[in-house]
Amino acid sequence: MKKVIVLAIFMVMSFPYVQLMAQTDAYIAKVDSDGIQRVQITAREYSFTPDHVVIRVNVPVELSVKKEAGFVPHNITLNAPETGINFSESLSTEPIIIKFTPVKTGSFAFFCNKKIPFSKSHREKGMEGLIEVRE
Ligand SMILES: [Cu+2]
């Protein structure tokens, strides 16, 4: 009986942890037959899905980015010109395509730079993610 209780407590406690792990799984981009890595990203209040994207260096990328319906404006921003990644685009429910070719490896943060006065920025509320460029 004691074992059952311990197991039950363990399962209840580990459940949120497992969910958290699932959310932070990296999306690893595949290279399509035309040589382009295509990734879809969706913005919502206040997060991006996926929030961790792995791409290959020196291979062209097309990000297709949209936001869920809602009145709050959002954008997607990543300013790292030395890596070949440099954009800031307003988002709507119609996907936009952002094209670039990463020329450096490393991890670079993308985020929504919206902020209204006297409130936390969208980035502080969780609207950020990581583009990881690998060999
Ligand atoms: Cu936003």
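Two strands pair if DSSP finds at least two bridges between them; strands (E, at least two residues) are DSSP runs, numbered from the N terminus. Residues are numbered from 1 along each chain as its sequence is written. This is a predicted model, where local features need pLDDT of at least 70, side-chain atom pairs count only at pLDDT 80 or more, and totals for chains, interfaces and linings use all residues, while side-chain values use heavy atoms, with hydrogens and water left out.

**Exercise 1.** Work out how E6 and E7 sit together.

*Solution.* 
- Start with the pairing: E6 and E7 (residues 85-90) run antiparallel over 6 bridges.
- Last, burial (under 20% relative accessible area, 1.4 Å probe, protein chains only). In E6 (residues 75-80), 5 of the 6 residues are buried, so the strand is largely enclosed by the rest of the structure.

**Exercise 2.** Find what holds the copper ion, and classify the site.

*Solution.* 
- Look for donors (N, O and S atoms within 2.8 Å of the metal, or 3.2 Å for Na, K and Ca; water is not among the atoms, so sites may look incomplete). You get His-74 (ND1), Cys-112 (SG), His-122 (ND1) and Met-127 (SD), at 2.0 to 2.7 Å.
- Read the spacing along the chain: H-x37-C-x9-H-x4-M.
- Finish with burial: Cys-112 is buried at 0% relative accessible area, and Met-127 is buried at 0% too.

Terms used
Buried means under 20% relative accessible area, exposed over 50%, partly exposed in between (1.4 Å probe, protein chains only). Helices (H or I, at least four residues) and strands (E, at least two) are DSSP runs, numbered from the N terminus. Four donors count as tetrahedral if all angles lie between 85 and 135 degrees; four count as square planar and six as octahedral if opposite donors are over 155 degrees apart and all others between 65 and 115; anything else is irregular.
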